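Please look through the sequence and the model below before reading on.

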Amino acid sequence: MNTTPGKLLSNQELLAHIPCALLADLMLKRQWMLATAESCTGGMIAAACTDLAGSSAWFERGFVTYSNEAKSDILGVPAELIATHGAVSEPVARAMASGALQHSRAQVALSVTGIAGPSGGSPDKPVGTVWFGWATPDGVWSEMQRFDGDRAAVRVATLHHSLTRLVALLTPAA
């Protein structure tokens, strides 16, 4: 993120900066660390988090597992799970989040796996389909979203949603 004095942040930078700052505050208060497991975003979420000064106090590591083999080799996602459900699926997103926790020193993990386009979609999983996984000490959550737009728009929407939803999961109920 460009935080040069006198220079305004772009809309894309603002969309990432706000949830990252909120997430940083929540993680620091708990003295927790975050790990990310990214496929369709290729490390954008980790980059957005580490754009914040001081992120080493709450960001532990990021895994970019773009290929199916990387999901299995690095995160321990069973190849059979990918073969049965596809890389873009709820079971794989959940396994990626759990695997990120197991292969790091973090207490919280998020994962994303999706079809950013412009090709690769199908009638069941059109371009813009993204599965998310979040793992915390309280459990694992997942959900699917479909985002409109080109490849860049899908990736930015994925970045923003993953962080915004994690903030909501970690925010105590009033």
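## Val 140 and its surroundings

Apart from its neighbours within four places in sequence, Val 140 is in contact with Arg 94, Ser 98, Trp 134 and Ala 135, where contact means heavy atoms within 4.5 Å. The model is a predicted one, in which local features need pLDDT of at least 70 and side-chain atom pairs count only at pLDDT 80 or more, while totals for chains, interfaces and linings use all residues. Residues are numbered from 1 along each chain as its sequence is written, and side-chain values use heavy atoms, with hydrogens and water left out.

Val 140 belongs to strand β5 (residues 139–146); helices (H or I, at least four residues) and strands (E, at least two) are DSSP runs, numbered from the N terminus.

| Residue | Relative accessible area | Class |
|---|---|---|
| Val 140 | 27% | partly exposed |
| Cys 20 | 0% | buried |
| Cys 40 | 3% | buried |
| Gln 31 | 69% | exposed |

## Cysteines

How many disulfides does the structure hold? The structure holds 0 disulfides, a disulfide being a pair of cysteine sulfur atoms within 2.5 Å. The sulfur of Cys 20 has its closest cysteine sulfur in Cys 49, at 4.1 Å, which is too far for a bond. Cys 40 is likewise in no disulfide, and the nearest cysteine sulfur, that of Cys 49, is 15 Å away.

## A buried glutamate

Glu 38, in strand β1 (residues 34–38), is buried yet has no salt bridge, and the nearest side chain of opposite charge, that of Arg 155, is 7.1 Å away. A salt bridge would need a side-chain nitrogen of Lys or Arg within 4 Å of a carboxyl oxygen of Asp or Glu; Lys and Arg count as positive and Asp and Glu as negative, whereas His and the chain ends are not counted. The side chain of Glu 38 does reach the backbone nitrogen of Ile 45, at 2.9 Å.

## Backbone features in two loops

Most residues other than glycine have a negative phi, and most peptide bonds are trans. Gln 31, in the loop between α1 (11–30) and β1, has a positive phi near 60°. A cis peptide bond, with omega about 10°, joins Gly 117 and Pro 118, and Pro 118 is placed in the loop between β3 (108–114) and β4 (129–136).

Terms used: Buried < 20%, exposed > 50% of the residue type's maximum accessible area, 1.4 Å probe, protein only. Polar contact = N/O pair within 3.5 Å; in protein donor to acceptor, adjacent residues only side chain to side chain.
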